[in-house]
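The following briefing concerns the protein chain displayed below. Please read it alongside the sequence and the model.

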Amino acid sequence: MNSKLQKSGLFIIVLGAVSLGLEKVYYGGVDSNGVLQESFFLPLGFLLLGLGVLLIIGAFLLKLIRPR
């Protein structure tokens, strides 16, 4: 895992996992009135995870196209 693209993809995946963890700890659930409690952490976490996966796939494809 040498390329900057792979490292940044991994970092973004970690940020997404932290965001989803924060959602689960602080917001994920139904309150006593039956209202679902969510925050911006849930969509942000999925967005970051998806972006990180795309960056890692892109780095892999670039390695296939430009072998060293």
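What does V18 count as at 46% relative accessibility: buried, partly exposed or exposed? V18 counts as partly exposed, because its relative accessibility is 46% (buried means under 20% relative accessible area, exposed over 50%, and partly exposed in between, with a 1.4 Å probe and protein chains only). This is a predicted model, in which local features need pLDDT of at least 70 and side-chain atom pairs count only at pLDDT 80 or more, while totals for chains, interfaces and linings use all residues. Residues are numbered from 1 along each chain as its sequence is written, and side-chain values use heavy atoms, with hydrogens and water left out.

**Overall architecture**

- The protein chain contains 2 helices and 2 strands (DSSP runs numbered from the N terminus: H or I of at least four residues for helices, E of at least two for strands).
- Along the sequence, these elements follow the pattern α-β-β-α.
- The protein chain is more spread out than a compact globule, because its radius of gyration is 16 Å, well over the 11 Å that the globule rule gives for 68 residues (the radius is taken over C-alpha atoms, and the rule is 2.2 Å times the number of residues to the power 0.38).
- Taken along the principal axes, the box filled by the C-alpha atoms is roughly 60 × 15 × 10 Å.

**Burial, surface and contacts**

- Of the 68 residues in the protein chain, 16% are buried.
- The protein chain has an accessible surface of about 5,200 Å², and carbon and sulfur atoms account for 72% of that surface (Shrake-Rupley method with a 1.4 Å probe; for residues, only the protein chains shown count as cover).
- Among contacts between residues at least 6 apart in sequence, 60% join residues at least 24 apart (contact means heavy atoms within 4.5 Å).

**Helix α1**

- Helix α1 covers residues 4-27, and its end C-alpha atoms are 33 Å apart, which agrees with the 34 Å that its 24 residues should span at 1.5 Å a residue (the expected span is 1.5 Å times one less than the number of residues).
- The buried residues of α1 are Q6, G9, I12, G16, S19 and E23, and their cover includes β2 (36-37) and α2 (41-65).
- Apart from neighbours within four places in sequence, E23 is in contact with G28, Q37, E38, S39, F41 and L42.
- E23 and G45 are 22 residues apart in sequence, with 8.6 Å between their C-alpha atoms.

**Helix α2**

- Helix α2 has 25 residues and reaches 36 Å from its first C-alpha to its last, close to the 36 Å expected at 1.5 Å a residue.
- G45, L48, G52 and A59 are buried in α2, and the buried residues of this helix pack against α1.
- I56 is placed in helix α2 and counts as partly exposed at 27% relative accessibility.
- Not counting residues up to four places away in sequence, I56 touches Q6, G9, L10 and I13.
- I56 and I13 are 43 residues apart along the chain, and their C-alpha atoms are separated by 9.7 Å.
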